[in-house]
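Biologist: I would like to go through a model feature by feature. Please give the general idea each time, then the case at hand.

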Amino acid sequence: MTDDLPRTDAAADAVGADAYPAAGQPLLRIEGVAKTFGTFRAVDGVSLDIKAGEFFALLGPSGCGKTTLLRMLAGFEAPDEGRILLGGKDIAQALPHERPINMMFQNYALFPHLSVRDNIAFGLKRARLARADIATRVAEMVALVKLEGLEKRKPDQLSGGQRQRVALARALARRPQLLLLDEPLAALDKKLRENTQGELMELQRRLGMTFIIVTHDQEEAMTMASRIGVMKAGKLAQVASPRELYEAPRSRWIAEFVGDINLFEAESKLRDGHRLVIGTSGAGALVVAEPREPVGAGKLSVAIRPEKVKLSRRGPVSEAGHETAINRLDGVIADICYLGGTTTYKVKLDTGGMVQASVANSARLDVDAYSLNQHVVAWFTPDDCVVLTS
Amino acid sequence: MSGRRIFARPARFAAIAPYVWMVLFFLVPFGFVLKISLSQTAIAQPPYEPLFDPTAGWEALKAAFAALSIDNFKLLASDDLYVFAYVRSLTVAATATALLLLIGYPIAYGMARLPRRWQAVAMVLVIVPFWTSFLIRIYAWINILQHDGLLNQILLALHLVSRPVVWLSTDTAMYIGIVYSYLPFMILPLYATLAKMEPVLEEAASDLGAPPWQVFWLVTFPLSLPGVGAGVLLCFIPIVGEFVIPDLLAGSNSLMIGQTLWLEFFTNKDWPVASAAAIVLLVVLLVPLLLYERLQKRQLEQGR
């Protein structure tokens, strides 16, 4: 995308711009919001601050309440409890058309009877903008999403990717303070989805707008968002940056939901200076770094991401004095899964457990590859392990 | 390849079946009526002449052809009675259709927004009255609307009127009867399009700043136009030719074309004039009929 397009200023132009917060204040504050359908508590006491200019992702499996939360932000559902403050003003009970928030719908919800131009102009006409201003803004939006020449088409004359762009342009046209995106890329094929992810990030950065995206695809959330809120059964399980979420998941459930992970159930726990020695059922005693937060009383497990497990034929060359600091597990290759960039090996440990190791295929020829039933040593450092409670 | 040939014959028959139907049950009878409309009345059995007698020979047939005339059509155009009847038929049909749309739309919309299982119940409620004979239902309305009928009893009991209101033999009674009878024909096509419409489109409109009434006028209503068109034509066309309801419920001072036809046919025994009146009615209705055809075709194309 080129940079010569006019930069829209959300703060100055948005409908109801007077509600825009001062710098540093959260744009959106969700306070103890809950919603019950019949006896099902879809959203169960969610509190969350979102700063202006953030790209925030709500991530969770289907039925976790993320869409209901988004619909409450848009105004399609009213929360039973709690407040939703936008720029300090409670909008929890405001109707959708009264909010300076726009939404990009999952299947785009384009008006089938209106042309691309009229779809994009719909919100502008409702804001009673002058005819000339509407024409300018529509042209600007059309250029922004690169739909030039298609203005007169109806939605059913567009491809899936083009429809997605119209939906985006329509939602952006009013320059909302907050843009909600409900699974915006779910209907696109993989290649197009990846390109669009990049374009959305670029667009968000350039417009300086605040985006909240709902997705069930953890890769999508990790790629695009600056912060991710993981939802489970109507509650926020963890709110963190993609890196923190992946490297320091707060619970076993989150660790398993975000990416692949090896888990070993803890049976005993010993303190050894700055380290813990944890006896596990599958992998024997493992040395792990002392967790930052004190470990709770619940059932513990030791977790290690597959790409942090190294494989070698003879085991690591120990540095003097650090021998105990390395977890060394002997086993045989039980399964090989070639994925192109990486190969995932499943190693059956002599201690009975199973460990997965993801190895980068850094050379084109397979001189380093392991074969089935080959004896290997899987090893990893204490710092790469995470102690989790269930 | 041989498989294709096996299926070719029934497929071809299926393709021409509608045309066979049209020729047998529409064009041939239409030809009879057209022929009668061009002849003169006579005291005979059947009561018109000249008759085609294939056994009478070529000359007699030619004479019969020569005797055909368009006098009946000229009569229709010159006599106010017929012109008024046509105008009244079209006015009544237009008014009744407008009323039907006004009443039917909210009902259809409400039905389409009900939870799934209640939609089926609502549908049955709309259709069930059809299981009773049409005539019985109109007679029931006579009962309700008569001098000491249910409606007047209720109005008197509620002290809304001090003495019974004359309902029967008025246009009001006729409109009640027509609206009541044709309501399902308006509701069902409207319901079909509204139920098919995704509610998320209405959400999108309100998300983009449209208050509820704009959501309706800019999104819901335009998207339901195929249903509106179908419902309007499905009601308008038969109401123009309606005979029973105006005859039983309306006064006798102004007649619809259906009643005029009946009079010419059975009371005056003037088959040729009645036939001519029927032909003109058909031509008048051809416009909305063709509109309906086109609408259906476009919908089919969109449905693909």
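**Reading a two-chain prediction**

Modeller: Of the 390 residues of chain A, 38% count as buried, where buried means that 20 or more other C-beta atoms, placed from the backbone, lie within 10 Å of the residue's own, exposed means 12 or fewer, and partly exposed is in between. This is a predicted model, in which local features need pLDDT of at least 70 and side-chain atom pairs count only at pLDDT 80 or more, while totals for chains, interfaces and linings use all residues. Residues are numbered from 1 along each chain as its sequence is written, and chains are lettered from A and ligands numbered from 1 in the order in which they are written.

Biologist: What scores does the model have, and what is the mean pLDDT of chain A?

Modeller: The model scores ipTM 0.83 and pTM 0.81. pLDDT is the predictor's confidence in each residue, from 0 to 100. Chain A has a mean pLDDT of 88, with 90% of its residues at 70 or more; for chain B the mean is 88, with 94% of residues at 70 or more.

Biologist: Where in chain A does pLDDT stay under 50?

Modeller: Where pLDDT is low, the predicted coordinates should not be read in detail. In chain A, pLDDT stays under 50 over residues 1-19, and the model has 30 contacts beyond four places in sequence for them. A contact here is a pair of residues whose C-beta atoms, placed from the backbone, lie within 7 Å.

Biologist: How many helices and strands are there in chain A, and what does its C-alpha trace span?

Modeller: Helices (H or I, at least four residues) and strands (E, at least two) are DSSP runs, numbered from the N terminus. Chain A has 9 helices and 20 strands, and its C-alpha trace spans about 75 × 50 × 40 Å along the principal axes. Of the contacts in chain A with a separation of 6 or more, 65% are between residues 24 or more positions apart.

Biologist: How do α3(A) and α5(A) cross?

Modeller: Two packed helices are described by the angle between their axes and the distance between the axes. Axes are lines fitted to C-alpha atoms, for helices over the stretch in contact, and angles run from 0 to 180 degrees between N-to-C directions. For α3 (residues 116-126) and α5 (residues 160-172) of chain A, the axes come within 7 Å and cross at roughly 25°. α3(A) and α5(A) are therefore roughly parallel (under 35 degrees; over 145 is roughly antiparallel, 65 to 115 roughly perpendicular, the rest oblique). On the α3(A) side the contact includes Ile120(A) and Phe122(A), and on the α5(A) side Val166(A) and Ala169(A).

Biologist: Which helices of chain B give two or more residues to the side that touches chain A?

Modeller: In total, 14 residues of chain B are in contact with 15 residues of chain A. The elements giving two or more residues on the chain B side are α9 (199-207) and α10 (212-223), and α9(B) gives the largest share, 6 residues. That side divides into 9 nonpolar, 3 polar and 2 charged residues; Ala, Val, Leu, Ile, Met, Phe, Trp, Tyr, Cys and Pro count as nonpolar, Asp, Glu, Lys and Arg as charged, and the others, Gly among them, as polar.

Biologist: Is Asn195(A) buried or partly exposed?

Modeller: Asn195(A) lies in helix α6 (residues 190-207) of chain A. Asn195(A) counts as partly exposed because it has 13 C-beta neighbours inside 10 Å.

Terms used. Contact = placed C-beta atoms within 7 Å.
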